[in-house]
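Please look over the sequence and the structure, and then follow the sections below.

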Amino acid sequence: MGGGLSGLTAGIHLIERGFEVEIFEKSSVCGGKLSSFKERHLGCDISLEHGFHVWWGQYYNFIDMMKRLNIKRHLKEIHSIEIKVKGCANETIGFSPKVYPFFLLFPLLFSRNISFREIMKSGTIGLLILGYDKKRYDKWFDKISFNDLMKEYDTPENIQKVFFEPFLQAGFFAEPHEISAASFLELFHFYLSGNIRDFKCYHIGGNPQEKVIEPTVKYFLDRGGRVNFNSEIENLIIDNYKVKGIQQKSNDIHVYRDGEVIHILQTAPLERSIFKRSMPVQEIPEDNYIKVELPQNQTIFIGFFNGEIIALSGECTHAGCLLNWDYKEGRFICPCHGGQFSRDGYPLKGPPLIALSRFKIGENVKEPSYEHAVSQQVVHSADYFIIATDIPGVQGIANNIMMSVDEWQKDEFHKILNLKTSSCIVLRIWFNKSLEPDRLPVGFTSGFKFIIVYFILSQLNDDVKECSRKTDTQCIEFIIIKTPDMINLSDAKLLELVTPEIVEIFPEIKDTPMIDFSIMRHDNYTFFNKGAVNLRPHVQSSIFINLFYSGDWVYLDAPVFFMEKAVMTAKIAVNHILLKEGIAPNPIYLPNVRGILS
Ligand SMILES: Cc1cc2nc3c(=O)[nH]c(=O)nc-3n(C[C@H](O)[C@H](O)[C@H](O)COP(=O)(O)OP(=O)(O)OC[C@H]3O[C@@H](n4cnc5c(N)ncnc54)[C@H](O)[C@@H]3O)c2cc1C
């Protein structure tokens with residue numbers, strides 16, 4: 001379940017060993033958070049992704065998979081990153097093969113903002129980092145926040161601001177007071193000491209869809225794998241300690257007209273009910289849409305187009321988020337990733353490529369009975385199941401399964417339901433002014449209210465680079481923490497809010513008018529909040545012997561994060577299946593798992 005990086009990794013590793021594999025993906029494309037899409041800016045077709053992605057040398061399993069798929073050649077080295085701390089001079093962290101653990105000291109010793117006295121005062125937190133041990137640290141530090149840890153270990157404020165917070169925010173897209181101290185220590189250990197021989201970081205020049213996802217999907221399909229798009233899985237069919245099948249969400253919506261009344265019917269097999277809403281035709285406005293909310297978190301829009309009544313699905317065809325109708329703009333707008341659709345449902349902007357589903361408006365249709373609804377359920381059976389969705393996906397399944405498991409089996413799903421996601425906004429701006437020549441293409445910040453990371457796309461993304469050359473422009477991507485007051489902010493207001501920070505980070509573009517922009521809003525980034533370690537399920541379900549979890553929200557004994565964790569958990573899930581079938585498992589490559597003093 002789930003055709004993101006994790007689901008695809010599991011798929012190719014199983015198919016290589018002769019299994020029959022089928023992937024069920026909720027949206028119309030594979031890739032999840034690693035997918036990319038085309039947008040048109042300044043007359044150029046540009047590939048943009050959910051947020052620019054960075055690989056690290058210690059992504060051993062992902063890089064090994066790229067090597068086998070013949071796509072490792074896309075990795076290009078990033079030689080150094082810029083650290084921008086509010087009110088301080090810029091710092092640079094250089095990557096190169098250096099001797100562990102001394103390279104951890106270099107950024108401190110060569111810092112333009114940290115004094116020798118402050119370095120001496122940070123001995124206790126330094127020893128804690130060098131003594132990293134995942135099992136013990138998860139137990140001791142998950143209940144407290146990063147800020148509590150800094151206080152407890154008497155860490156000088158400058159070390160916290162200049163050395164720790166930029167990595168913390170760039171990794172977690174959340175504020176320091178919310179983040180679990182255990183997750184911070186794990187992140188810091190993994191990224192700075194995970195690869196003790198080769199401290200390196202890479203990018204692929206943008207377009208992960210074409211360079212990573214499509215070759216992986218092709219490899220899978222060429223070996224007989226199957227991918228079902230627009231197939232959201234909503235429940236498991238269970239039998240004691242085994243999962244027998246998975247249930248696909250049935251989109252059984254009927255719209256029909258009976259004289260001067262429009263009826264909308266939805267059969268809801270899980271609730272054993274039929275939902276019905278009726279409205280007189282004269283209530284439907286000529287130039288507007290009525291939003292009809294249906295059970296199972298679905299909506300449809302009813303309105304007039306070219307004098308005819310039309311009914312459109314309210315689900316974005318990119319990732320299934322519920323759309324809003326913007327009357328002033330005459331467009332449907334996706335609050336998740338910024339996709340936009342025309343009045344009659346055609347994609348105009350952002351990631352969606354497919355038009356909104358349009359319901360046929362039947363005349364004199366017989367109302368479906370409950371029995372009819374149940375016969376519409378789509379169930380797929382198999383020997384093994386891997387849940388490789390994002391957090392909202394696994395929570396949808398956990399919510400439904402709660403109705404059919406025994407009391408003692410509920411704990412695993414109850415914990416999953418308590419996992420959280422964090423939000424961020426990705427803003428790209430175009431302007432025609434050169435940047436200072438010494439600006440580095442990747443920057444992490446600290447001390448700013450909104451901006452936490454920036455990427456100079458005109459140096460990093462191949463399409464943007466080409467467009468910048470042709471149009472003599474620059475493009476920068478900013479990752480912005482989404483605070484509660486930003487939730488309903490319009491694009492114009494958002495730009496107004498963050499512009500002072502943009503100018504503080506890039507003073508050279510002060511007074512330069514912006515010539516274009518693009519905004520994406522994310523709500524399903526895995527959150528590493530206090531207390532979450534204990535909620536994460538292990539790869540092997542503790543209840544069902546043939547059910548596994550994979551993704552960056554799953555618990556692992558080793559310190560690993562994000563894309564590498566999505567790949568590693570999938571490989572571990574596959575190994576469990578191989579072992580159950582008496583087949584030799586695949587090698588799993590571990591980073592440096594302990595601190596030098598542990
Ligand atoms: C802005 C941004 C920047 C990032 N930068 C980096 C980076 O620089 N380095 C790094 O290592 N990581 C980065 N990440 C994180 C990285 O993208 C993720 O860790 C990784 O892509 C997770 O892969 P996944 O397959 O586990 O999950 P996802 O990519 O979330 O895939 C899950 C899939 O499941 C599908 N799905 C959901 N529910 C259902 C359901 N009920 N039924 C069927 N399918 C379902 C979804 O549509 C999706 O395709 C970034 C993420 C974001 C958002």
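How many disulfides does a search of the whole structure find? The search finds 2 disulfides, in a model that is predicted.

## The disulfides

The sulfur atoms of Cys321 and Cys336 lie 2.2 Å apart and form a disulfide. Cys321 is found in the loop between β17 (308–313) and β18 (324–326), while Cys336 is in the loop between β19 (331–333) and β20 (340–341), 15 residues apart. The link of Cys321 and Cys336 is left-handed, with -110° about the S-S bond. Both Cys321 and Cys336 are buried. When the bonded cysteines are numbered in sequence order, the pairing reads 1-4, 2-3.

Cys30 counts as buried, at 3% relative accessibility.

Cys475 takes part in no disulfide; the nearest cysteine sulfur, that of Cys467, is 8.7 Å away. Cys475 is buried, with a relative accessible area of 0%.

## Salt bridges

The structure holds 24 salt bridges. One of them links Glu508 and Arg439, whose closest N and O atoms are 3.3 Å apart. Glu508 lies in the loop between α16 (491–505) and β30 (514–526), and Arg439 lies in the loop between β26 (421–431) and β27 (442–446), so the pair ties together parts that are 69 residues apart in sequence. Glu508 counts as buried at 10% relative accessibility, and Arg439 counts as buried at 9%.

Arg521 and Asp491 also meet through their side chains in a salt bridge, at 2.6 Å from N to O. This pair links distant parts of the chain, with Arg521 in strand β30 and Asp491 in helix α16, 30 residues apart. Arg521 is buried at 11% relative accessibility, whereas Asp491 is partly exposed at 28%. Arg40 is exposed, with a relative accessible area of 54%, and Asp45 counts as partly exposed at 49%.

## Strand β11 and its partners

Is strand β11 (residues 242–248) mostly covered or mostly open? Strand β11 is mostly covered, as 5 of its 7 residues are buried. Strand β10 (residues 233–239) pairs with β11 in the antiparallel sense over 6 bridges. Within this pairing, Gly245 in β11 is the bridge partner of Ile237. The two strands β10 and β11 form a hairpin with 2 residues between them, and Asn240 in the turn has a positive phi of about 55°.

Strand β11 is also joined by 4 bridges to strand β24 (residues 378–381), and these strands run antiparallel. Here Gln247 stands opposite Val379 in β24.

Technical notes. Residues are numbered from 1 along each chain as its sequence is written. This is a predicted model: local features need pLDDT of at least 70, side-chain atom pairs count only at pLDDT 80 or more; totals for chains, interfaces and linings use all residues. Side-chain values use heavy atoms; hydrogens and water are left out. Buried means under 20% relative accessible area, exposed over 50%, partly exposed in between (1.4 Å probe, protein chains only). Two strands pair if DSSP finds at least two bridges between them. A salt bridge is a side-chain nitrogen of Lys or Arg within 4 Å of a carboxyl oxygen of Asp or Glu. A disulfide is a pair of cysteine sulfur atoms within 2.5 Å.
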